[in-house]
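Have the viewer open and follow along.

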Amino acid sequence: MTHKTTIHRLKLADFRNYAAASLSLDGRHVVLTGENGAGKTNLMEAVSFLSPGRGLRRASLADVARVGAPGGFSIFAEVDGMEGEVEIGTGSDGEGEAVVRRLRINGTAAKSVDELTDHLRVLWLTPAMDGLFTGPAADRRRFLDRLVLSLDPAHGRRASDFERAMRSRNKLLAEGRFDPAWLSGLERQMAGLGVAMTLARKEMLGLLAGLTGRADAASTFPSATLALCGFLDEEGDVPAIEIEDRYMAMLAAGRYRDAGAGRTLDGPHRADLLVRHADKDIEAERCSTGEQKALLVGLVLAHARLVATMTGHAPVLLLDEIAAHLDEGRRAALFDRIDALGGQAFMTGTDKSMFSALGERAQFVSVHGSVLSA
Ligand SMILES: Nc1ncnc2c1ncn2[C@@H]1O[C@H](COP(=O)(O)OP(=O)(O)OP(=O)(O)O)[C@@H](O)[C@H]1O
């Protein structure tokens, strides 16, 4: 039995179009309805800031502060979370380049935003992700890394440390400084971090494969087969230490080539996530728009189930315009699956009637002129 993480109070100040807004929630799913531009996605974005990172739009702190507001923004939430009741306050301080994110948990300044993951996990699906299968590999890598991060907060640190070591190596090569001791020190770091990142990504795919295969057989949402390619594809069950040695050797052998290219040509930053429609056995990018959306929904729901299973706490789900292009039957099936996850889901739409199949399972909140009314 998983515990249900619920947000039961939310207060925003100078966040996007909200000068000041407050919302009390009763623990059911939350359906936000209102006209275009009312502030539905902005409210979900505020909830996404209850997790580490840049929120569901990957926005800068300066962008989310309300235009014309004198200072930064703030978000306050009361949450029945993974360690019981908690009060979370987050926002931005400072101006221009010096703007920083602050976070208080139960009134005490947190050392790192990663502390948020002790209390709740927030996952999302937005229309901006619709082009995931046809867009650049970087988007799929970021998508996969977010999946990994939700279970392994150290993954973000590994990725940024890898980036830093790679930038230093690229700089040395660009300057023609082929100092073997210095380069191999950096390459050793890159190998340790890059292989750890790759193994964490592969582990996530393995865990998801276990879930999607089983549960989606009788579902409206097709199951996907997932694979990582583009870096260390063929390593099988080789011990990590040996893979690190191989990657180090690749880097050492590729120094002149990388210097010529002006970047590092081998590494986890070149990997891609391959997604196939399992039943049809074709690449996701060659599926119809509707099929791609269904694959994505299936993937995000499988991930939510994985997080619930692994942590014992159902995550908060943010599903922006999820019901828009589905027929009535598929909408009802989707709501049942969301409900079965056992967590609190926030959903948006312009038309309340699209959510009628949720019935009493949801609390309806109307968003109008930057005012929220439950
Ligand atoms: N930093 C900001 N300060 C003030 N207003 C902003 C800021 N950023 C965005 N907005 C405004 O917030 C409004 C609401 O945007 P939001 O994306 O939440 O709408 P929505 O209700 O989800 O609409 P839709 O149904 O069209 O998706 C927009 O009109 C936008 O211009």
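Is Gly39 buried or exposed? Gly39 is buried, because 24 other C-beta atoms lie within 10 Å. The scale behind that word runs as follows: a residue is buried if 20 or more other C-beta atoms lie within 10 Å of its own, exposed if 12 or fewer, and partly exposed in between, with C-beta atoms placed from the backbone. Before going on, please note that this is a predicted model, in which local features need pLDDT of at least 70, side-chain atom pairs count only at pLDDT 80 or more, and totals for chains, interfaces and linings use all residues. Residues are numbered from 1 along each chain as its sequence is written.

Gly39 sits in the loop between E4 and H1. Helices (H or I, at least four residues) and strands (E, at least two) are DSSP runs, numbered from the N terminus. Leaving aside neighbours within four places in sequence, Gly39 is in contact with Arg16, Asn17, Tyr18, Val367 and Ser370; contact here means that two C-beta atoms, placed from the backbone, lie within 7 Å. Glu35 lies in the loop between strand E4 (29-33) and H1, yet Glu35 counts as exposed because it has 12 C-beta neighbours inside 10 Å. In UniProt, an unreviewed entry places the feature "binding site" at Gly34, Glu35, Asn36, Gly37, Ala38, Gly39, Lys40 and Thr41. Such positions are given in the numbering used here, feature names are shortened, and annotations may be inferred rather than shown by experiment.

Next, the ligand. There are 14 residues around it, and Asn17, Asn36, Lys40, Thr41 and Asn42 come nearest; a residue is near a molecule if its C-beta atom, placed from the backbone, lies within 6 Å of it. Helix H1 (residues 40-48) gives the most to this shell, with 3 residues. By class, the shell has 3 nonpolar, 8 polar and 3 charged residues. Here Ala, Val, Leu, Ile, Met, Phe, Trp, Tyr, Cys and Pro count as nonpolar, Asp, Glu, Lys and Arg as charged, and the others, Gly among them, as polar. H1 is largely enclosed by the rest of the structure, because 9 of its 9 residues are buried.

Now zoom out to the domains. The chain is divided into domain 1 (1-130 + 310-374) and domain 2 (134-286), with bounds from an automatic or database domain assignment. Their centres, taken over C-alpha atoms, are 30 Å apart. The contact takes 7 residues from domain 1 and 4 residues from domain 2. On the side of domain 1 that touches domain 2, the residues divide into 3 nonpolar, 1 polar and 3 charged.

Helix H8 (residues 289-311) has 23 residues. From first C-alpha to last, H8 reaches 33 Å, close to the 33 Å expected at 1.5 Å a residue, where the expected span is 1.5 Å times one less than the number of residues. H8 is mostly covered, with 17 of its 23 residues buried. Just after H8, Gly312 takes a positive phi of about 80 degrees.

Leu232, in the loop between strand E10 (224-229) and helix H6 (240-253), has a positive phi near 50 degrees. Leu232 counts as buried because it has 21 C-beta neighbours inside 10 Å. Asp281 has a positive phi near 55 degrees, but Asp281 is exposed, with 8 other C-beta atoms within 10 Å.
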